[in-house]
Amino acid sequence: MQRLDKFLSQAGVGSRKEVKNLIRSGAVWVNGTAASGGDMKIDETRDGVTVNGAPVTGYRRVVLMLHKPAGYVTSTEDPRSATVMELLPEQYRHLRPAPVGRLDKQTEGLLLLTNDGALAHRLISPRYEVPKRYYAEHEGTATEADVSAFAGGLTLSDGTQCRPAVLKPLGAGKSMVTVTEGKYHQVRRMLASRGLPVTYLRREQEGSLRLSGLARGACRELTQQEISTL
């Protein structure tokens, strides 16, 4: 059993405020009778709920791509800093998506958010070796020795062992880095360990998804085809 307003919100009907307005207007019916209020208890497995005559079937999965700007922490809440959740339109916030992995506060680029825990686990777990590609600007110029070191799997100063990764130099002060795991500040630490401290970092791709045509700070819902490729 759960509250009617929570059920409708999680089903994607609208925000809590929008749902309450719908109930108040008489648009929401339960088992053929107008709903009495948002605090009404329902059994989503047995009770028939309609909004303006259309049946509502409950939980709706959502997978979002966000172009994260610098200055936002990758968290659902933070008492000191703005979070990526504040960038989401209200129509998605009430579905309670959570960030898939993390981009540190100053890192920009592609960030996925979803309320599908199984999908999130598959994308995060090193077991599935989902590639994540980053564009980095850094001090110095990457060399073939650095490329070989990345390919062999770096060991960081604190003993952290990194899986083999791909470093592609792009000329003076620029590189592309592809990793298949997401340890704490990993790309920054890997480049720093080779004397290439990062000055700017942006995630360009995760799995088959590329960050293209999406303005900084904007988000969009993935298509079913895009989700299936993940």
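1. The largest pocket is lined by 24 residues. Arg-102, Leu-103, Gly-182, Lys-183 and His-185 lie nearest its centre. β10, α6 (186-193) and β13 are the elements that each give two or more residues to the lining. The pocket volume is about 470 Å³. A pocket here is an open set of points on a 1 Å grid over the protein atoms alone, where a 1.4 Å probe fits, with protein on both sides within 12 Å along at least five of seven lines. Lining residues have an atom within 4 Å of a point. Grid points are joined across faces, edges and corners, and the volume is the space filled by probe spheres set on the points.

2. On the basis of the model: it is predicted, local features need pLDDT of at least 70, side-chain atom pairs count only at pLDDT 80 or more, and totals for chains, interfaces and linings use all residues. Residues are numbered from 1 along each chain as its sequence is written, and side-chain values use heavy atoms, with hydrogens and water left out.

3. Arg-102 sits in the loop between β8 (98-99) and β9 (108-114). Helices (H or I, at least four residues) and strands (E, at least two) are DSSP runs, numbered from the N terminus. Arg-102 is exposed, with a relative accessible area of 62%. Exposed means over 50% relative accessible area, buried under 20%, partly exposed in between (1.4 Å probe, protein chains only).

4. What does Arg-102 contact, leaving aside its neighbours within four places in sequence? The partners are Thr-74, Ser-75 and Arg-203; contact means heavy atoms within 4.5 Å. Arg-102 and Thr-74 are 28 residues apart in sequence, yet 5.6 Å apart in space, C-alpha to C-alpha. A polar atom of the Arg-102 side chain lies 2.3 Å from the backbone oxygen of Thr-74.

5. Thr-83 is in the loop between β7 (63-68) and α3 (90-93). Thr-83 counts as buried because its relative accessibility is 3%. Beyond four places in sequence, its contacts are Tyr-72, Val-73, Ser-75, Thr-76, Glu-77 and Asp-78.

6. β7 is mostly covered: six of its six residues are buried. Val-63, Met-65 and His-67 point one way, Leu-64, Leu-66 and Lys-68 the other. β7 runs antiparallel to β9, with six bridges between them. Two strands pair if DSSP finds at least two bridges between them. His-67 stands opposite Leu-110 in β9. β7 also pairs with β15 (residues 219-221), antiparallel, over three bridges. There, Met-65 has Arg-220 as its bridge partner.

7. Not counting residues up to four places away in sequence, Arg-220 touches Val-63, Leu-64, Met-65, Leu-214 and Glu-226. The side chains of Arg-220 and Glu-226 are joined by a polar contact of 2.8 Å. A polar contact is a pair of N or O atoms within 3.5 Å; within protein, one must be able to donate a hydrogen and the other to accept it, and residues adjacent in sequence count only if both atoms are side-chain atoms.

8. Helix α4 (residues 117-124) has three named buried positions: Leu-119, Ala-120 and Leu-123. They cover an arc of only 100° around the axis, so they lie on the same side of α4. The arc is that of the directions from the helix axis to the C-beta atoms. These buried residues pack against β7, β9, β10, β13 (198-206) and α7 (224-229). The face turned away from the buried side carries the exposed residues Gly-117 and Ala-118. At the start of α4, a side-chain oxygen of Asp-116 reaches to within 3.1 Å of the backbone nitrogen of Ala-118.

9. β12 (residues 174-179) has two antiparallel pairings to check. Six bridges join β12 to β10 (residues 132-138), where Lys-132 stands opposite Val-179. Four bridges join β12 to β11 (residues 166-169), where Val-166 stands opposite Thr-178. β11 and β12 form a hairpin with four residues between them. Gly-171 in that turn has a positive phi of about 110°.

10. A four-strand open sheet has the order β3-β2-β5-β6, with antiparallel pairing. β3 (33-34) and β6 (54-55) stand at the edges, each with a single partner strand, so one side of each is left without a neighbour in the sheet. Two bridges join β5 (residues 49-51) to β6. Val-51 has Ala-54 in β6 as its bridge partner.
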